[in-house]
Amino acid sequence: MFMKLTTEQKQLMIAEIQYFFSEERDEELSEFAAERVLDFVKESLAPHFYNAAVSDVKTVVEQQFSSLEDEILTLERPIKR
């Protein structure tokens, strides 16, 4: 999965991982170790969240398209015979 993070985003995520480990596990994590955790999340877990988001977007677009289609059909004029 191609996920590009800015340096600032990456540093913020690493700091958040370090904070989580410190608060939740009472464990100090080096920047390198936190970066490894981030890499694991990006490679192994992020695709699941990404695919769920794509599915959600697909559902929303389908609903909007259906609504738009209904609106367009209301514009039809009856044909006299």
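## Charged residues of a predicted model

Lys 10 is partly exposed, as its relative accessible area is 26%. The structure containing this residue is a predicted model. Lys 10 forms a salt bridge with Glu 35, and the closest N and O atoms of the two lie 2.8 Å apart. This pair links distant parts of the chain, since Lys 10 belongs to helix α1 and Glu 35 to helix α2, 25 residues apart. Glu 35 is likewise partly exposed, at 24% relative accessibility.

The structure holds three salt bridges, which are set out below.

| Salt bridge | N to O distance |
|---|---|
| Glu 35 and Lys 10 | 2.8 Å |
| Glu 27 and Arg 25 | 3.2 Å |
| Glu 62 and Lys 58 | 2.6 Å |

Glu 62 and Lys 58 are both in helix α2; because they are four residues apart there, about one helical turn separates them. Glu 62 has a relative accessibility of 42% and therefore counts as partly exposed. Glu 27, which meets Arg 25 in a salt bridge, counts as partly exposed at 28%.

A further group of charged residues forms a negative surface patch, made up of Glu 23, Glu 24, Asp 26 and Glu 28. Asp 26 lies in the loop between α1 (7-25) and α2 (31-73). Is Asp 26 buried or exposed? A residue counts as exposed when its relative accessible area is over 50%; Asp 26 reaches 71% and is therefore exposed. The backbone of Asp 26 also deserves attention: its phi is near 50 degrees, a positive value in a residue other than glycine. Most residues other than glycine have a negative phi.

Note on methods: Residues numbered from 1 in each chain as written. Predicted model: local features only at pLDDT ≥ 70, side-chain atom pairs only at ≥ 80, totals over all residues. Heavy atoms only, no water. Patch = residues over 30% accessible without salt bridge, like charges linked within 9 Å, V, L, I, M, F, W, Y side chains within 5 Å. Areas by Shrake-Rupley, 256 points an atom, 1.4 Å probe, with all protein chains shown as cover. Salt bridge = Lys/Arg side-chain N within 4 Å of Asp/Glu carboxyl O. Lys, Arg positive; Asp, Glu negative; His and termini not counted. Charge placed at Lys NZ, Arg CZ, Asp CG, Glu CD. Helix = DSSP H or I, 4+ residues; strand = E, 2+ residues; numbered from the N terminus. Buried < 20%, exposed > 50% of the residue type's maximum accessible area, 1.4 Å probe, protein only.
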